[in-house]
Amino acid sequence: MSGTAPPAPEHPRPLRVAVAGASGRMGRMLIEAIVASPDLRLTGALDIAGPSVGQRATAFLGDVPGPTITDDIRAGLQSADTLIDFTRPAGTLAHLGVCRELGVKAVIGTTGFDEAEKAQIAEFARDVAIVMAPNMSVGVNVVLKLLAMAAKALGDGYDVEVIEAHHRHKIDAPSGTALKMGEVVAAALGRDLKECAVYARDGYSAPDRGERARSTIGFSSIRGGDIVGDHTVLFAGDGERIEITHKSSSRATYAQGSLRAVRFLAGRANGLFGMDDVLGIAAAEVSA
Ligand SMILES: NC(=O)C1=CN([C@@H]2O[C@H](COP(=O)(O)OP(=O)(O)OC[C@H]3O[C@@H](n4cnc5c(N)ncnc54)[C@H](OP(=O)(O)O)[C@@H]3O)[C@@H](O)[C@H]2O)C=CC1
Ligand SMILES: O=C(O)C1=N[C@H](C(=O)O)C[C@H](O)C1
């Protein structure tokens, strides 16, 4: 034992966290992870009006104390430093409006935002610090770097297809992660995904009929059972194929990534960040 004082704790008091979508698949996973984290405290739980409102947010964990789920956004956020939101685009935007008023930071996992909604989130981030990512897992964010490197190295000679599979309850398609993968590959190839994405092919209706246009990036979505989340990017060339795949087998990875994002935001007043910022890989080398 040395005689020096132990290092100061990273955070002098637990970070106070509210969860939106508290009774959802991710909401419950997040609540369980927060309760198990000594540096975090669950101070609010939000959900859209329904049977979960009025219930104790931690009831599914047994006799664990926790806040009551509310659909009153202000009440749910009033004691929080940071909101973690895994809901729907309309819900997230409503929550962010109150976050801005109350000075509450936000970690956004919700997917399915359109361009106008993304612009609104960027606007909110001028006033409050926000981490937003379609996938909070470490693995997927490392894969995004690998994809950029692969696309740069392979260039235009390979056809790119993004294939994703999720559980039967997922409402948006393609997944936010698949779209992000497409964006990363398109950027590395000097393309604009808006111009080159192909979301459906039925073989009969123009303009999808006929040979594959070389510069397109195709998307395929599979929905079934309890698949947590699988993503493959296929680079198909002449005489060889490369497949880069990530498979989630537990939502705990998304929850743990979200908690890392909460801790990352603790020192920040405003700005829009991604999981690559949280993980410290935003500037990782991707040149081929
Ligand atoms: N970034 C990431 O790492 C991940 C992102 N996701 C994304 O998170 C989101 C939620 O996923 P998941 O937990 O599986 O979904 P769930 O449907 O299980 O949970 C969503 C929760 O939000 C509630 N909700 C619905 N609409 C609103 C609204 N307008 N305002 C407030 N709350 C609302 C739902 O209530 P009700 O049930 O009554 O509709 C439910 O409690 C999706 O967009 C999904 O793609 C999911 C996993 C990982
Ligand atoms: O809805 C889900 O479940 C998931 N959604 C995210 C997405 O749309 O990419 C992340 C993960 O794939 C699980």
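Strands E7 (residues 159-166) and E9 (residues 217-223) run parallel and are joined by seven bridges. Strands pair if DSSP finds at least two bridges between them. Strands here are DSSP runs (E, at least two residues), as helices are (H or I, at least four), and both are numbered from the N terminus. This is a predicted model: local features need pLDDT of at least 70, side-chain atom pairs count only at pLDDT 80 or more, and totals for chains, interfaces and linings use all residues. Residues are numbered from 1 along each chain as its sequence is written, while chains are lettered from A and ligands numbered from 1 in the order in which they are written.

**Strands around E9**

- Glu161 stands opposite Gly218 in E9.
- Strand E8 (residues 197-198) also pairs with E9, in the parallel sense, over two bridges.
- Val198 stands opposite Gly218 in E9.

**The seven-stranded sheet**

- Seven strands form an open sheet with parallel pairing, in the order E3-E2-E1-E4-E5-E6-E12.
- Its edge strands are E3 (69-70) and E12 (271-273), and each pairs on one side only.
- Inside this order, E5 (residues 105-108) and E6 (residues 129-132) run parallel and are joined by three bridges.
- Ile108 stands opposite Met132 in E6.

**Helices on the sheet**

- Helix H3 packs on the sheet and touches E1 (15-20), E2 (40-46), E4 (82-85) and E5. Contact is counted between residues whose C-beta atoms, placed from the backbone, lie within 7 Å.
- The direction of H3 makes about 175 degrees with that of E4. Axes are lines fitted to C-alpha atoms, for helices over the stretch in contact, and angles run from 0 to 180 degrees between N-to-C directions.
- Helix H4 (residues 115-124) packs on the sheet too, touching E5, E6 and E12.
- The direction of H4 makes about 145 degrees with that of E6.

**Around ligand 1**

- There are 26 residues around ligand 1, and Gly21, Gly24, Met26, Gly91 and Gly109 come nearest. A residue is near if its C-beta atom, placed from the backbone, lies within 6 Å.
- Helices H1 (25-35) and H3 (89-102) are the elements that give two or more residues to this shell.
- H1 gives the most, with three residues.
- The shell holds nine nonpolar, 13 polar and four charged residues. Ala, Val, Leu, Ile, Met, Phe, Trp, Tyr, Cys and Pro count as nonpolar, Asp, Glu, Lys and Arg as charged, and the others, Gly among them, as polar.

**Around ligand 2**

- Thr111, Pro134, Asn135, His166, Lys170, Ser175, Gly176, Thr177 and Gly229 surround ligand 2.
- One of these residues is nonpolar, seven are polar and one is charged.

Notes. Two residues are in contact if their C-beta atoms, placed from the backbone, lie within 7 Å.
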